[in-house]
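Here is a short briefing on one structure, written for a reader who is new to looking at models of this kind.

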Amino acid sequence: MSPNRTDTLIPAIIKTSLDLPPLWGRLAFLSPGEAELVSHFELPEGKVLALTFELGRASFEDLRARIKKALRDGDGYYNYSLVFLDPAQSELLKAAIAEASPPLK
Amino acid sequence: MFNTIQVICASEKDRTILKGIFRNLGADAVFSNDLNDALSIFEKARPAAVFIADGEEPPAEIQLRELRRVAPFIPVIPLLKRRDASRAVGLMKAGALDCAQSPWTEEELRPLYRKALRLSGTAIELDSTALHRRRRTLALAIAAFFAFAGFAGGLYYGFRKYSPHAPRPHSFYLPYAHPSGIMIKKDSVLISDWYSQGLYEHAIKNFGIRRVTSLPEMTPVAMAASQDALWLAGTNGVIEKRLLDARYTTASRTAAFSPAPDSACFDGLYFWTANSRAGTIVKRMPGDALGEIQTFKYPGQKLSALTCDNRFLWVADPVLRGLVKLSLEDPERIISKTELDVYASKTLKITAMASKDGTIWFAGEDGDKGLAFYKDEPK
């Protein structure tokens, strides 16, 4: 994550379980199949999350993803590599990304 | 790292908690009661980040908006009083960097504080590599300088201490060729020259000329000195007593002596004159007339110059090629004779002598040059 762009990254609500209040973080990278999440909350590798965020005009709620890898940076923030689990949700995400991305010339 | 942060918090209890936390984090926290208070000191405090306690008036969203209006790029972190992800994300969408959850602890705030300070702008750093290179170069240059200075100082010290001292010259060539009398003062040497009719005062160290006094009315062939006067003997046999003022003012004159003296000295009690041609030494009263007490025959071979101190008479004898010491009580008795190596020069003719503090001074002619030199008094 580029530290000087942190506050421009997409904020996201992170649900870890139905019993616990949600957490939050920012998406540093987003693709139809994978994402990178930055948060100061610690989560274990392998945990399945549900992400809620907005991308352009589209809103995504409870996109299921698994933490593939977790790395802690020097400031104490965690960088999580995520893999989206639901292909249907990934398709929706793909369309939203295509819409939000600037057209190639 | 610039560590000033601003905390907007009205609650005294929360302030106390936050003060402790930020102090432990190493932050220089500036507290404000409300937004207006914060904005009034914002320019002065110039914080790297702003932390807003949530749940106070005005709401965090308004404070966030106003702060970003003043400083669009400053990291703002609301401190939530309960874990509310929706609100956190809402504030983050409104421009907050992140949100802290309750309870506020050092562990909870540390990553936010550190990230916020890192976000405070483009990291500006001097070219530390070049700076370090310059510093290293400077340090090496200074070390080299001191090493060289120490080496040079040691070398100089060693040279001064262990190298043989250059012998101080014991003889000096004179810029005139006919010295006739010599007198030693504290730090100068006074020499009379008969040909140029002048008195030359030389620095005793290097024999540089300090002063020249012209004697147009007389031709000095001998000179003697006491503490407060000097005597100049002319070619006509008259001896003049002169004061030691700037112009060597004449104090008295004697009648013309015959034969005319060509050496003179004062032993502190009596006045002595000598004539080299006749080989005679005359003991005189020290009055203005320099009345004769007794005449002595020089017992050596040839008297070329005479001087005295309060113990002995000293004569330069070119035939004996040495310095002859005579008794003041009986000048016709030679006490000792010491060879002078300067007589190795066959052209040397000693014409004047003086004795001062155990040193015998000589002046004379060596070929077409005037010469002055001195020797330690023979034991």
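In chain B, E8(B) and strand E9 (residues 209-214) pair in the antiparallel sense over 5 bridges, where strands (E, at least two residues) and helices (H or I, at least four) are DSSP runs numbered from the N terminus, and two strands pair if DSSP finds at least two bridges between them. This is a predicted model, in which local features need pLDDT of at least 70 and side-chain atom pairs count only at pLDDT 80 or more, while totals for chains, interfaces and linings use all residues. Residues are numbered from 1 along each chain as its sequence is written, and chains are lettered from A and ligands numbered from 1 in the order in which they are written.

**Strands of chain B**
- B:Glu201 stands opposite B:Arg211 in E9(B), and in the hairpin of E8(B) and E9(B), with 5 residues between the strands, B:Phe207 has a positive phi near 65°.
- Strand E7 (residues 188-193) pairs with strand E8 (residues 198-203) in the antiparallel sense over 6 bridges, and B:Val189 stands opposite B:His202 in E8(B).

**Helix H5 of chain B**
- The 13 residues of H5(B) should span 18 Å at 1.5 Å a residue, which agrees with its end C-alpha atoms being 18 Å apart; the expected span is 1.5 Å times one less than the number of residues.

**Contact between the chains**
- 20 residues of chain B are in contact with 15 residues of chain A, contact meaning that C-beta atoms, placed from the backbone, lie within 7 Å.
- Helix H4 (85-93) and helix H5 (106-118) of chain B each supply at least two residues of the side that touches chain A.

Conventions. Contact = placed C-beta atoms within 7 Å.
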